[in-house]
Amino acid sequence: MLIFRKPLQGVERPQMPADVVIVGGGPAGMACALRLAQLIDQHNAKNPDVQLSKENIYVLEKAREIGQHCLSGALLDPRSMRELLPGFEKEAPLDAEVSKESVYFLTEKSKFKFPITPPPLRDHGNYVISLNRFVKWLGSKVEETGITIFTGFAGSELLFDGNRVTGVRTDDKGVDKENHQKSNFEPGYDLQAKVVVLAEGTRGSLTKQLISKFDLAKSRNPQTYGQGIKELWEVPSGRIAPGEVIYTMGWPLTTREYGGAWIYGGKDNIVSLGFVTGLDYADPRLDPQHVLQDFKQHPFVAGLLGGGKMIRYGAKSLPYGGWWAIPPVAGDGWMILGDSAGFLNSQRLKGIHLAIKSGMLAAETAFEALQKNDFSAAMLSSFQRKVENSWIKEELWKVRNFHQGFEHGFFAGLFHAGVQQFTGGRGLRSRYPGTPGYEHLKKLAELPANGGAEAHMLGAAKGDGKLTFDKLTDLYHSGTKHEEDQPAHLVIQDTNLCNTRCVKEFGSPCQNFCPANVYEMIDDAEQPNGKRISLNPSNCVHCKTCDIADPYQIINWVPPEGGGGPNYDGM
Ligand SMILES: Cc1cc2nc3c(=O)[nH]c(=O)nc-3n(C[C@H](O)[C@H](O)[C@H](O)COP(=O)(O)OP(=O)(O)OC[C@H]3O[C@@H](n4cnc5c(N)ncnc54)[C@H](O)[C@@H]3O)c2cc1C
Ligand code: SF4
């Protein structure tokens, strides 16, 4: 029987007072901590009699080491970093400056190069980086300021006093598979905070609690997502120059699915490549890891990679919904930043600079709140205003309808994108509605049994072990590890639904969209359809796709014991 992680009751927990708790040490959380430290240092230098302390400001990061759970393309638009740390280029780990871009439309065997690079995909002046190394460096800057980063600690619950957020509970450690305390049990801390800053990245688990408790998604478009599958390759020299950027559209997707690929040339003949598939496809048998394997078999891509070696793998979802899907970002005792809020420009496939800027604006708000000792919704809503008056809004407003324009396929999307380009992002109406991605999934009975035009990307990829890989081989290259003896952190509200309805209606899409083979339907003669759901939670790479894409919305991803997860290096 599956037993799921749940908060343990009746446990005495250490209480720890805090001024600011930042949940998540990615670009948004680290920028927030660093900017807050800068403001406090400046204040203290000018006001020797009214000092503010940095001692009670904490960053919680679920990874064992800073940056280990960060995965991105990644091209860095340096705009916000230049505001945060002028001259950062001199010391940050930047692999190459972008020197050349090209965009292709692929068919199965051919490629068509766009005669000019569409403006949103022009990347001159941006840098190829490894996000996890970049965040590690940013984290070291935070630590130099004296702010404490607790690595290996996940925020597992928000604490409330009525409608006010009063803190964060960290994960319980040493809980066995049956939710019993082991001999090494350590209860999670209750960090009693004046303000909680949620910077958990895509589909944040505490952010989800908050959005649901206060119905923050009301009157917003539903958030929509893509799933990025990435591999890092070492290729023979001369294949792609450091700083060369290639984007592709088309194959292996058909005109019904949304998505595309990137290929970025880094230093030392390392190539970052990956495929983002919109999590709003119709066929539940589609497997995004398979899509990447198909993509690599295109003659153009195979030519780039041939003779090379895949060295790393990872996956992560990203929020696509844009401006209309962003919830209110501040309230009584809380703020939401970065991907957790949905600050991502899906047209440019870029969110790092926006995450950093939102972190800076949240820090400025927290600083004002600390000075006035006022953490009320009225005070913190100045973060909302700061975002709306900043270049975050300027950038996102221009693409506010972009992804929704593609809801009815590639050609309709190109048409809407064209009209939006000439109307400052408006298009045919001021606000295009959106549909949650999982609502696009069709039941098997409505789809061709042989897969039709999508057949090539359905089900598990086999892999030849050289250019293409099955999931388990890929997964091995993510370095993922968890404590095995712990309850499952993929909390399925009703496994009966998996065994009776989903297997028949949708063919158990969790087996396909999970990039880490966590979900399996195993034989069980006692079940009406002869199959029962089984989980391998220790494979999980924390991409959050299952929480987003399951058709019945019964999977809740909660943080496993802190320290577990992928070990991304160079991703
Ligand atoms: C495949 C892919 C390609 C991309 N390419 C680009 C690109 O080329 N350029 C670009 O600008 N953007 C790109 N993006 C987007 C970019 O990576 C994100 O916008 C950016 O990383 C968001 O930063 P963040 O700090 O909000 O979240 P994240 O980078 O996701 O960081 C969140 C951190 O919080 C931690 N965390 C989460 N929950 C908890 C919890 N409960 N307790 C403790 N810690 C927690 C996580 O472990 C993680 O370290 C890409 C994204 C993907 C998925
Ligand atoms: S279990 Fe969910 S979060 Fe974990 S890797 Fe699979 S889809 Fe991603």
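These questions and answers cover helix pairs, a sheet and a ligand shell in a predicted model.

Q: Why is α8 called roughly antiparallel to α9?
A: The axes of α8 (residues 352-372) and α9 (residues 377-388) cross at roughly 150°. Angles over 145 degrees count as roughly antiparallel. Therefore α8 is roughly antiparallel to α9. The two axes come within 9 Å, and the crossing is right-handed.

Q: Which residues in α8 and α9 meet?
A: From α8 come Ser358, Leu361, Ala362, Glu364, Thr365, Glu368, Ala369 and Lys372. From α9 come Met379, Leu380, Ser382, Phe383, Lys386 and Val387. By class, this contact has 7 nonpolar, 3 polar and 4 charged residues.

Q: What makes α1 roughly parallel to α3?
A: The axes of α1 (residues 27-46) and α3 (residues 131-144) cross at roughly 20°. Angles under 35 degrees count as roughly parallel. So α1 is roughly parallel to α3. Here the crossing is left-handed, and the axes come within 9 Å.

Q: How many residues of each class are in the contact of α1 with α3?
A: Pro27, Met30, Ala33 and Leu34 in α1 meet Leu131, Val135, Leu138, Gly139, Lys141 and Val142 in α3. That contact has 8 nonpolar, 1 polar and 1 charged residues. Gly counts as polar, and Gly139 is among the α3 residues.

Q: Why are β6 and β18 called edge strands?
A: The open sheet has 7 strands, in the order β6-β5-β15-β16-β17-β14-β18. β6 (111-113) and β18 (309-319) each pair on one side only. Pairing in this sheet is mixed, and the twist averages 20° from one strand to the next.

Q: How do you know that β16 and β17 pair?
A: Two strands pair if there are at least two bridges between them. Strand β16 (residues 259-265) is joined to strand β17 (residues 270-278) by 7 bridges. So the pair meets that cut-off. The two strands run antiparallel, and Tyr264 stands opposite Ser272 in β17.

Q: Which strands does helix α5 lie across?
A: Helix α5 (residues 288-296) lies across β5, β14, β15, β16, β17 and β18. Its direction is at about 45° to β14.

Q: What surrounds ligand 2?
A: There are 13 residues around ligand 2. The closest are Cys514, Cys540, Cys543, Lys544 and Cys546. By class, the shell has 11 nonpolar, 1 polar and 1 charged residues. Cys counts as nonpolar and Lys as charged.

How values were computed
Residues are numbered from 1 along each chain as its sequence is written. Chains are lettered from A and ligands numbered from 1 in the order in which they are written. This is a predicted model: local features need pLDDT of at least 70, side-chain atom pairs count only at pLDDT 80 or more; totals for chains, interfaces and linings use all residues. Side-chain values use heavy atoms; hydrogens and water are left out. Helices (H or I, at least four residues) and strands (E, at least two) are DSSP runs, numbered from the N terminus. Axes are lines fitted to C-alpha atoms, for helices over the stretch in contact, and angles run from 0 to 180 degrees between N-to-C directions. Contact means heavy atoms within 4.5 Å. Angles under 35 degrees count as roughly parallel, over 145 as roughly antiparallel, 65 to 115 as roughly perpendicular and the rest as oblique. A crossing is left-handed if the near helix is turned anticlockwise from the far one by less than a right angle, and right-handed if clockwise. A residue is near a molecule or strand if one of its heavy atoms lies within 4 Å of it.
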